[in-house]
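Please look over the sequence and the structure before reading on.

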Amino acid sequence: MFLCNNQLDDKSLLYLIEGFPTALKEINLGNNVLGKRGASIIASHISKFLNLKSINLQNNLLGDKGATLLLINIQRNMTIIKLNLSEN
C-alpha cells in the first residue's frame, strides 16, 4: 500500500487504515503529516497485518514518543523486517 506524499494526517489515517487489506506486505506512508497520534493509530492496528514485512514512515513528524509507541508494538509483530523512521 503506497500512500506517500499525500499530506495525510492522523484523521485521514484513522479513516483509511480500517480499509487496509489484512494481507498487506508493505505499507509506505512516507512524507505525510501523521504525527504522534498517527503513530498511535498505526501501533494499535499493526497486529492485524499478519504478513507485513515493511513499513515506511519517513518524515511524518512522529517525534520520540510516536516512534517509541511504534517500536513497542512492532516488537510484538515478528514478521516486520524493514522499518524506516528517518527524518522524524
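In what sense do β2 and β3 pair, and over how many bridges? The two strands pair in the parallel sense, over 3 bridges. The model discussed here is predicted.

- Strands of a sheet pair through backbone hydrogen bonds, and the pairing may be parallel or antiparallel.
- In this model, 3 strands form an open sheet in the order β1-β2-β3, and their pairing is parallel.
- β1 (26-28) and β3 (82-84) are the edge strands, each of which pairs on one side only.
- On average, neighbouring strands of this sheet are turned by 5° against each other, direction ignored.

**Residue S54 in strand β2**

- S54 belongs to strand β2, which covers residues 54-56.
- Is S54 buried or exposed? S54 has a relative accessible area of 12%, and because buried means under 20%, S54 counts as buried.
- When residues up to four places away in sequence are not counted, S54 touches K25, E26, I27 and K82.
- S54 and I81 are 27 residues apart along the chain, yet their C-alpha atoms are separated by 6.1 Å.

**The packing of helices α2 and α3**

- Two packed helices are described by two quantities, namely the angle between their axes and the distance between the axes.
- For helix α2 (residues 35-45) and helix α3 (residues 63-74), the angle is about 5° and the axes are 8 Å apart.
- Angles under 35 degrees count as roughly parallel, and α2 and α3 are therefore roughly parallel to each other.
- Helix α2 contributes K36, A39, S40, I42 and A43 to the contact, while helix α3 contributes K65, G66, L69, L70 and N73.
- By type, the residues of the contact of α2 with α3 comprise 5 nonpolar, 3 polar and 2 charged.

**Residue D10 in helix α1**

- D10 is located in helix α1, which spans residues 10-17.
- The relative accessible area of D10 is 13%; D10 is therefore buried, as the limit for this term is under 20%.
- Which residues is D10 in contact with, leaving aside its neighbours within four places in sequence? They are V33, L34, R37, G38 and I41.

Key
Residues are numbered from 1 along each chain as its sequence is written. This is a predicted model: local features need pLDDT of at least 70, side-chain atom pairs count only at pLDDT 80 or more; totals for chains, interfaces and linings use all residues. Side-chain values use heavy atoms; hydrogens and water are left out. Helices (H or I, at least four residues) and strands (E, at least two) are DSSP runs, numbered from the N terminus. Buried means under 20% relative accessible area, exposed over 50%, partly exposed in between (1.4 Å probe, protein chains only). Contact means heavy atoms within 4.5 Å. Two strands pair if DSSP finds at least two bridges between them. Axes are lines fitted to C-alpha atoms, for helices over the stretch in contact, and angles run from 0 to 180 degrees between N-to-C directions. Angles under 35 degrees count as roughly parallel, over 145 as roughly antiparallel, 65 to 115 as roughly perpendicular and the rest as oblique. Ala, Val, Leu, Ile, Met, Phe, Trp, Tyr, Cys and Pro count as nonpolar, Asp, Glu, Lys and Arg as charged, and the others, Gly among them, as polar.
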